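Here are a few friendly notes to read alongside the model. Please keep the viewer open as you go through them.

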Amino acid sequence: MQSLYLDFLIINDPCSERFSVDVDEFGKDTLLGTRSRNTPEEVRAMEAGVAPGMVRHGLHLLKAFVKSLEAFTASLELKTVTMGAFFYHNAILWERHGFTYFRGGKMMERIHKEFQPGGLLYQRLDDSSPFRRKGMEKTVRGRSWAIYDGIFVEAFDEEWESPKIYKMLGKDSKVNTFPGQVY
């Protein structure tokens, strides 16, 4: 089945405060934190309510974008949209808009389970860094920052692998790997 593949999406507020999480202290590209990090800027972004990888607050237009994306994809006579969810919070946001998993669904369920009291991820929220504060398991952003900071790798001795997700046009998969979520 042919599908439209969405590689990357940024819908941020150009008038909001900018956080330089995309460059390190030497001005070099962090490649979304995969090559290097700018921890002081990340802390500032986190404390301002921004999720990992975001340089500004969003415009809250994802619902409208998905509707337009579906119309565009249908006009091409395609039936699905696929993409990778680079960060944990991306996967959760796409779930809210009817996407499900080709790969990574079990990992997302495991993450939710392990952020419950007594779980491996919950236990590692030990205040050892600003991104591992107790209570971060309660929000999508908190979990995403902790995972970005390496908590997943330490707990399971395996790398975070960006989930591969898809949406069948006109269908809501009703997937929710974080019941009762607060963003």
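Which residues in helix 3 meet which residues in helix 6?

1. Tyr88, His89 and Ile92 of helix 3 meet Val140, Arg143, Ser144 and Ile147 of helix 6, where contact means heavy atoms within 4.5 Å. By class, this contact has 4 nonpolar, 2 polar and 1 charged residues; Ala, Val, Leu, Ile, Met, Phe, Trp, Tyr, Cys and Pro count as nonpolar, Asp, Glu, Lys and Arg as charged, and the others, Gly among them, as polar.

2. A word on the source: this is a predicted model, in which local features need pLDDT of at least 70 and side-chain atom pairs pLDDT 80 or more, while totals for chains, interfaces and linings use all residues. Residues are numbered from 1 along each chain as its sequence is written, and side-chain values use heavy atoms, leaving out hydrogens and water.

3. Helices here are DSSP runs (H or I, at least four residues), numbered from the N terminus. The axes of helix 3 (residues 88–96) and helix 6 cross at roughly 145° and come within 8 Å; axes are lines fitted to C-alpha atoms over the stretch in contact, with angles from 0 to 180 degrees between N-to-C directions.

4. Now look at helix 1 (residues 39–47), whose buried residues are Glu41, Glu42, Val43, Ala45 and Met46. Buried means under 20% relative accessible area (1.4 Å probe, protein chains only). These buried residues pack against helix 6 (140–148).

5. Just after helix 1, have a look at Gly49, which takes a positive phi of about 90°.

Conventions. Buried < 20%, exposed > 50% of the residue type's maximum accessible area, 1.4 Å probe, protein only. Helix = DSSP H or I, 4+ residues; strand = E, 2+ residues; numbered from the N terminus.
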